[in-house]
There are 2 protein chains.
Amino acid sequence: MDDDYLTIRQMCDAFDVTPRTLRFYEAKELIFPLRDGQKRLYGRRDRGRLKLILQGKRFGFALEEMRQLLNLYDRGDAQEEQLRRTMNAARERLAAMVRQRDELTEAIDDLRAQLDLAAEKLATFGRAAAE
Amino acid sequence: MDDDYLTIRQMCDAFDVTPRTLRFYEAKELIFPLRDGQKRLYGRRDRGRLKLILQGKRFGFALEEMRQLLNLYDRGDAQEEQLRRTMNAARERLAAMVRQRDELTEAIDDLRAQLDLAAEKLATFGRAAAE
DNA sequence: CCACCGGGTGACGTTAACGTAAGCTTGTGA
DNA sequence: TCACAAGCTTACGTTAACGTCACCCGGTGG
């Protein structure tokens with residue numbers, strides 16, 4: 001009921017984003033602020049969506065993916081089905097993240113091994129100089 | 001001595017890259033194939049560099065960074081200093097990769113938690129339907 | 001009156017690592 | 001000789017998520 005509306009600047013401060021970002025999200029149809037004349041006014045709904053968007057970004061969802069998920073919730077009905085779909089998307093993302101982490105771990109281990117080799121080689125320089 | 005030279009296609013097959021990639025690397029001054037008229041010929045040296053480049057990519061080095069590292073080894077002298085610098089660069093990369101993995105791990109844990117919450121919520125739907 | 005501030009609207013720039021397409025040459029087998 | 005394949009060069013396209021710039025508008029304090 002008491003949707004206190006925020007200006008773009010207040011939103012930026014609250015969520016630590018730039019005005020450009022909010023306008024950009026609006027252009028991408030992720031959020032739909034009201035207008036007071038020219039000025040954008042962001043209500044509870046937009047804040048909720050933005051929060052989800054930023055969370056999604058953290059999980060590696062692309063903006064377009066988030067838009068689709070958010071739109072699911074906009075149609076308001078069939079809650080269960082929506083939740084299922086969202087969970088499926090999330091599970092796929094999760095699997096991708098785990099894969100990515102595994103690859104990273106491999107690369108880390110390999111790089112460490114290379115560094116060890118290099119350290120040995122460097123030691124031979126030291127010994128050569130000590131003769 | 002016996003630099004057997006490879007054509008661009010042979011290189012592509014050997015390293016699993018496209019011709020475009022090799023020409024691109026050349027334009028970026030990462031490799032320097034000889035020319036037989038128009039045709040590029042890749043020798044031992046270029047193969048070595050390409051191998052390092054692809055390794056570096058795996059570790060997340062940018063091409064420009066790789067170029068600088070490779071150039072270090074081109075001047076041929078002061079081996080020890082070169083090795084040191086390369087190791088320093090590698091250590092920084094390693095630290096960045098570890099940081100990145102930690103962040104990813106956090107995000108993974110968070111997403112898992114969210115999924116668990118969602119699963120609970122979904123269960124309430126099931127119970128509601130069972131009444 | 002005027003500078004300034006907050007906000008708004010395009011439109012173009014940025015970054016990385018190539019992909020893609022057009023059109024030219026050169027070599028080769030039928 | 002002709003067509004075809006492989007290479008070559010040049011140049012523009014792609015992707016994501018904004019940043020930057022130039023310019024406009026309306027209200028306000030001095």
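Does B:Ala119 count as buried or exposed, and how many C-beta neighbours does B:Ala119 have inside 10 Å? In this predicted model, B:Ala119 has 11 C-beta neighbours inside 10 Å and therefore counts as exposed, since a residue is called exposed when 12 or fewer other C-beta atoms lie within that distance. The residue belongs to helix α5 of chain B, which spans residues 79–130. Along the principal axes, the C-alpha atoms of chain A fill a box of roughly 85 × 35 × 25 Å. Of the 131 residues of chain A, 13% count as buried.

B:Arg44 lies in helix α3 of chain B, which covers residues 44–58. Because B:Arg44 has 13 C-beta neighbours inside 10 Å, it counts as partly exposed.

In chain A, the phi angle of A:Glu29 is near 60°, a positive value in a residue other than glycine, and A:Glu29 is placed in the loop between α2 and β1 (34–36). A:Glu29 is exposed, because 12 other C-beta atoms lie within 10 Å. In chain B, B:Glu29 has a positive phi of about 60° although it is not a glycine, and this residue lies in the loop between α2 and β1 (34–36) of chain B. With 12 C-beta neighbours inside 10 Å, B:Glu29 also counts as exposed.

The relation between the chains can be stated for the whole fold. Two copies of a chain are related by a rotation about an axis and a shift along it. Here chain A can be laid on chain B by a turn of 180° and a shift of 0.0 Å along the axis, with an RMSD of 0.1 Å. That is the relation of a two-fold axis. The same surface serves both copies, in that 100% of the contact residues of chain A recur in chain B. The residue of chain A that comes closest to the rotation axis is A:Arg101, whose C-alpha atom is at 3.0 Å.

The contact between the chains involves 25 residues of chain A and 25 residues of chain B. Helix α5 of chain A, residues 79–130, gives the most to the side of chain A that touches chain B, supplying 23 residues. By class, the residues on this side of chain A divide into 15 nonpolar, three polar and seven charged.

Both chains also take part in the surroundings of the DNA. DNA strand D is surrounded by 14 residues, of which the closest are A:Thr18, A:Arg20, A:Leu63, B:Arg9 and B:Arg40. At least two residues of the surface near DNA strand D are supplied by each of α2 (19–27) of chain A and α1 (8–15), α2 (19–27) and β2 (39–41) of chain B. The largest share, three residues, comes from α2 of chain A. Sorted by class, the surface near DNA strand D has five nonpolar, four polar and five charged residues.

Around DNA strand C there are 15 residues, and those that come nearest are A:Arg9, A:Arg40, B:Thr18, B:Arg20 and B:Leu63. The elements giving two or more residues to this surface are α1 (8–15), α2 and β2 (39–41) of chain A, together with α2 of chain B. For DNA strand C the largest share, three residues, comes from α2 of chain B. The surface near DNA strand C has five nonpolar, five polar and five charged residues.

Key:
Residues numbered from 1 in each chain as written. Chains lettered and ligands numbered in written order. Predicted model: local features only at pLDDT ≥ 70, side-chain atom pairs only at ≥ 80, totals over all residues. Near = placed C-beta within 6 Å. Helix = DSSP H or I, 4+ residues; strand = E, 2+ residues; numbered from the N terminus. Nonpolar A, V, L, I, M, F, W, Y, C, P; charged D, E, K, R; others polar. Contact = placed C-beta atoms within 7 Å. Buried ≥ 20, exposed ≤ 12 C-beta atoms within 10 Å, placed from the backbone. Least-squares fit on C-alpha atoms with pLDDT ≥ 70 in both.
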